[in-house]
Protein chains: 2
Amino acid sequence: MARRGLLIILSSPSGAGKSTLAKALRKWDDTLRFSVSATTRAPRAGEVDGQDYYFVTEDAFKRQVSDKDMLEHARVFGNYYGSPKGPVADAIEDGRDVLFDIDWQGAQQISTSSLKDHVLSIFILPPSITELHRRLVSRGQDDSETIEKRMQKSWDEISHWDGYDYVLVNDDLATTEERLKTIISAERLRASQQPDLMDHVRTLQDEFEDR
Amino acid sequence: MARRGLLIILSSPSGAGKSTLAKALRKWDDTLRFSVSATTRAPRAGEVDGQDYYFVTEDAFKRQVSDKDMLEHARVFGNYYGSPKGPVADAIEDGRDVLFDIDWQGAQQISTSSLKDHVLSIFILPPSITELHRRLVSRGQDDSETIEKRMQKSWDEISHWDGYDYVLVNDDLATTEERLKTIISAERLRASQQPDLMDHVRTLQDEFEDR
């Protein structure tokens, strides 16, 4: 039977392993795609419209918001960012899942949007703060002040762990990866993801009445 | 982390393969147990109290119902049948799942009971009415009148497929078995089944504040 796609929300503080896990998931199923955000900020060198972002004007963005065409949106440093509903609605109608790498505020908005029945929300927790700090430091990209800011932001994100469908403590990457695959495989089987069930039951009914 | 157990409701018309599937699940995980029903009917030869049924008086049964100690109950041919809450609540607190082989009316009652947050409801549909009929006939136990009654009852059950978390069409036993295992494995990971998550986050918070 054809299935509907899922809106798979992956939230976590940075350093909890989300990017590695998302990469592993896409290797497991290459039909999985991250939702492409719309933004009002200017493209940077090398960024491709429709791939990295949909680059839109502030007027166009605000119109999409008031038309309820944004699943979630936020303003960051004067620029708007959001997840346009159209491409996501098309994907799930075609049976393709869409990954969302968003924070708890975006997750809350999507979980109350018109597509909420197809949302699967997963939060990845670090095993410890020490380990989270170690992972941020070991990237070697940031000075200690930036790392401290990231730590504060990470804690703010962690404090909103509650309310997700699944919360996984990533103390072993292979285990967490397996769990994510099990969860996604199961959630794809949910009755709400199987639009053809009603047809099957109608066929059974016809068969029952025509005996 | 310790986990909570699930109340796993398996409903289906007779002949859809539920007993075979339940047997396979218990082979896969021998901690799975069917909930033992309470009944006011007299024990039959060989039936063991506490194993086949809890045999209780009508007064005791009605008291349990009014004390909300029955997760679901029904009256059938003058006898009461029900699922006592105590043993189920104990099992899920200990992290053991409990299987319920009940019809749609029992499923609805359990899904609105005080343990509803831990319910996983699954409906098994037959691939066709012809196949359902074939399976009922091939048992060789019943005359054609009894089979017709069973078919009517099966259709009544099928017509209440909607409202279950998962609805599986059992056209291949091995596939359905794998799907059930995937679903149960995933649902065990749900945040609502992980009572220790809150402790983990508290530990993270202490660690964050004590840096």
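**A tour of chains A and B**

Begin by selecting Arg134(A), which counts as partly exposed at 45% relative accessibility; the class lies between buried (under 20% relative accessible area) and exposed (over 50%), taken with a 1.4 Å probe on protein chains only. The model on the screen is predicted, so that local features need pLDDT of at least 70 and side-chain atom pairs count only at pLDDT 80 or more, whereas totals for chains, interfaces and linings use all residues. Residues are numbered from 1 along each chain as its sequence is written, chains are lettered from A and ligands numbered from 1 in the order in which they are written, and side-chain values rest on heavy atoms, with hydrogens and water left out.

**Along helix α5**

Helices (H or I, at least four residues) and strands (E, at least two) are DSSP runs, numbered from the N terminus. Glu131(A), at 19% relative accessibility, counts as buried.

**Across to chain B**

Display both chains and look at where they meet: 36 residues of chain A are in contact with 36 residues of chain B, contact being heavy atoms within 4.5 Å. About 3500 Å² is buried between the two chains, with 71% of it from carbon and sulfur atoms.

Select Arg190(A) and Glu187(B) next, whose side chains meet in a salt bridge (2.9 Å, N to O). On the side of chain A that touches chain B, two or more residues each come from α5 (129–138), α6 (144–158), β9 (166–169), α7 (173–187) and α8 (197–209) of chain A. The largest share of that side, 8 residues, is given by α8(A).

**Charged pairs within chain B**

Move to Lys18(B) and Asp101(B), whose side chains meet in a salt bridge (2.6 Å, N to O). This pair links distant parts of the chain, Lys18(B) being in helix α1 (residues 18–28) and Asp101(B) in strand β7 (residues 98–101) of chain B, 83 residues apart. Lys18(B) is buried, at 13% relative accessibility, whereas Asp101(B) is partly exposed, at 44%.

Then select Arg188(B), which forms a salt bridge with Asp97(B), the closest N and O atoms being 2.7 Å apart. Because Arg188(B) lies in the loop between α7 and α8 of chain B, and Asp97(B) in the loop between α3 (85–93) and β7, the pair ties together parts that are 91 residues apart in sequence. Arg188(B) is buried at 13% relative accessibility, and Asp97(B) is buried at 2%.

**Last stop: Ser83(A)**

Finish at Ser83(A), which has its place in strand β6 (residues 79–84) of chain A and is buried, with a relative accessible area of 1%. Leaving aside neighbours within four places in sequence, Ser83(A) is in contact with residues including Ser35(A), Asp69(A) and Phe100(A).

Note on methods. Buried area = accessible area lost by both parts, 1.4 Å probe. Salt bridge = Lys/Arg side-chain N within 4 Å of Asp/Glu carboxyl O.
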